[in-house]
Amino acid sequence: MKIATFNINGVKARIDTLTTWLTESQPDVAVLQEVKSVDEGFPRQIIEDLGYNVETHGQKGFNGVAILSKLPLEDVTRGLPGDDTDAQARWIEATVVGDKPVRICGLYLPNGNPAPGPKFDYKLAWMDRLYHRARDLMSREEPALMCGDYNIIPQPEDAARPSAWTDDALFRPESRAAFRKIVNLGFTEAFRACHTGPAHYSFWDYQAGAWDRNDGIRIDHFLLTPQCADLLNDCWIESALRGREKPSDHVPVWVDLSI
DNA sequence: ATGCCTCCCCGAGGGAGA
């Protein structure tokens, strides 16, 4: 089973980019972030016509997450537990029902800039809620994964110019520590389980020719429970998509699981 | 790099993104 996470940066503005990618790359499951659409406005039919079940959790203007799956989706939940007053659409979960069920969590973690400030506080509070959800997920001892745009640069080698990110919310020690604390519950970060070394990125800014200079950062991740990590064959970044016409500023990151 | 682009809101220009 091939699962991809992709920050699409506007599902309506990039519907052709999305459908071309789904048709060519054929993910079994695609987990989307920044769909920037309310559920009623989501181009559901176009994606269903390509053979996908569609579950969305959107809001007006920005944020928004979705799960697309060729296999049935069950037990869909929306919103990260821990704060009933949080109206931002950044979390969706569903169980993909194949030969062996897998719990899929799609997340769009807050950016947090400028730091320090209220947006940074929101990021850290959101990560504390994520920690608690991750701990519950781990205690089930079943195949599960949390994937999406984490807005976290885990290590210096995950940025082309780490010195440019020193004071940024994506790379500040508090952010990286919060990410590490979640990983240390026992999750496997799929890409680093499969590949080492620098120059592997999942985001390049639209500005200043960042893609042409390969001035990127790796901020889109898969965290797998041990029972899911046992099924991991490979993890890769589909970086070529960034050079296509009308690209998102992110590219898809994939895992292949033995299911 | 005080966001150099690009999305969304809408119907001008501002918020948000990383």
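## A walk through the model

Let's start with a pair of strands: β1 and β14 run antiparallel and are joined by 4 bridges. Strands here are DSSP runs of E at least two residues long, helices are runs of H or I with at least four residues, and both are numbered from the N terminus. Two strands pair if DSSP finds at least two bridges between them. Before going on, note that this is a predicted model, in which local features need pLDDT of at least 70, side-chain atom pairs count only at pLDDT 80 or more, and totals for chains, interfaces and linings use all residues. Residues are numbered from 1 along each chain as its sequence is written, while chains are lettered from A and ligands numbered from 1 in the order in which they are written.

Back to β14. Across from alanine 4, the bridge partner in β14 is tryptophan 254. Strand β13 (residues 232-237) also pairs with β14, again antiparallel, over 5 bridges, and there leucine 232 stands opposite leucine 257. Strand β14 (residues 253-257) is largely enclosed by the rest of the structure, because 4 of its 5 residues are buried. Buried means that 20 or more other C-beta atoms lie within 10 Å of a residue's own; with 12 or fewer the residue is exposed, and in between it is partly exposed (C-beta atoms are placed from the backbone).

Now for helix α1. Which of its residues are buried? They are Thr17, Leu18, Trp21 and Leu22. Seen down the axis of α1, these residues fall within an arc of 125°, so they line one face of the helix; the arc is that of the directions from the helix axis to the C-beta atoms. On the face of α1 turned away from the buried side sit the exposed residues Asp16, Thr23 and Glu24. Part of what covers the buried residues is β2 (29-33). Just after α1, glutamine 26 takes a positive phi of about 50°.

Next, the core. The largest nonpolar core has 74 residues, and those touching the most other members are Leu32, Ala66, Ile67, Leu68, Ile104, Leu145 and Phe222. Such a core is a set of buried Ala, Val, Leu, Ile, Met, Phe, Trp, Tyr and Cys residues joined through C-beta atoms within 7 Å. If you set aside neighbours within four places in sequence, leucine 68 is in contact with Val29, Ala30, Leu32, Ile47, Tyr52 and Val54. Contact means C-beta atoms, placed from the backbone, within 7 Å.

Asparagine 9, in the loop between β1 (2-7) and α1 (15-25), has a positive phi near 55° without being a glycine. Asparagine 9 is partly exposed, because 19 other C-beta atoms lie within 10 Å. In the loop between β7 (102-108) and α3 (118-139) you'll find proline 114, joined to asparagine 113 by a cis peptide bond with omega about -5°. Proline 116 is in the loop between β7 and α3 too, and a cis peptide bond with omega about 0° joins alanine 115 to proline 116.

Finally, how many residues surround DNA strand B? There are 22, the closest being Gly10, Ala13, Asn113, Gln207 and Ala208. A residue is near the strand if its C-beta atom, placed from the backbone, lies within 6 Å of it.

Definitions and conventions:
Contact = placed C-beta atoms within 7 Å.
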